[in-house]
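Here are my notes for a first look at this structure. Please have the sequence and the 3D view open while you read.

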Amino acid sequence: MKAMPFTSFMHLALDEARAAAARGEVPVGAVLVSPGGEVVARDGNRTREKADPSAHAEMLVIRAACAAAGSERLPGHDLYVTLEPCPMCAAVIGAARIARLYYGAADPKSGGLGQGPRIFTHPQCHHVPEVYDGIGAREAEDLLKGFFRDRRGP
Ligand SMILES: [Zn+2]
């Protein structure tokens, strides 16, 4: 099989983050890409809309892709998310057997990979994806900062 050239889908995840901000949600977006390079799910945070604290962008795209695939595992898939996943999402990313995780901004408050629980360093984590951080980090950070600044008011 011929290796495919790398194509980042982070710009689509950033679009989803912007759409989330427009809905009044914390601006985080995610895109799930199949082994063949097709976008199988894309979404942004919907915790307020769904009144569901687990409706993070990563959870929504993994749920949608698993439902479409009729499987609880997504081997060979790539996940792009604009912000470092929280511990809940990191655990689900491992459980879903996601192959590669690309994230943008680090999240000192709620992140679960580079800080805090560091989910993928635990032996209890049965599958560890390849992790690439910092892709589109600046834009993701700017979106988040703008969102929280606007909510606090001038
Ligand atoms: Zn999360």
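Where is the place of Arg118? Point 4 answers this.

1. Ground rules. This is a predicted model, where local features need pLDDT of at least 70, side-chain atom pairs count only at pLDDT 80 or more, and totals for chains, interfaces and linings use all residues. Residues are numbered from 1 along each chain as its sequence is written.

2. Start with strand 4, residues 100–105. Helices (H or I, at least four residues) and strands (E, at least two) are DSSP runs, numbered from the N terminus. Strand 4 is largely enclosed by the rest of the structure, because 5 of its 6 residues are buried. Buried means 20 or more other C-beta atoms within 10 Å of the residue's own; exposed means 12 or fewer; partly exposed is in between; C-beta atoms are placed from the backbone.

3. Now its partners. Strands pair if DSSP finds at least two bridges between them. Strand 3 (residues 78–83) runs parallel to strand 4, joined by 5 bridges. Leu83 stands opposite Ala105. Strand 5 (residues 130–133) also pairs with strand 4 in the parallel sense, over 4 bridges. Here Tyr103 faces Asp133.

4. Arg118 lies in the loop between strand 4 and strand 5. Its phi is positive, about 45°, although Arg118 is not a glycine. Arg118 counts as partly exposed because it has 14 C-beta neighbours inside 10 Å.

5. Ala51 has a positive phi of about 50° and is not a glycine. Its loop runs between strand 2 (39–44) and helix 2 (57–69). Ala51 has 8 other C-beta atoms within 10 Å, so Ala51 is exposed.
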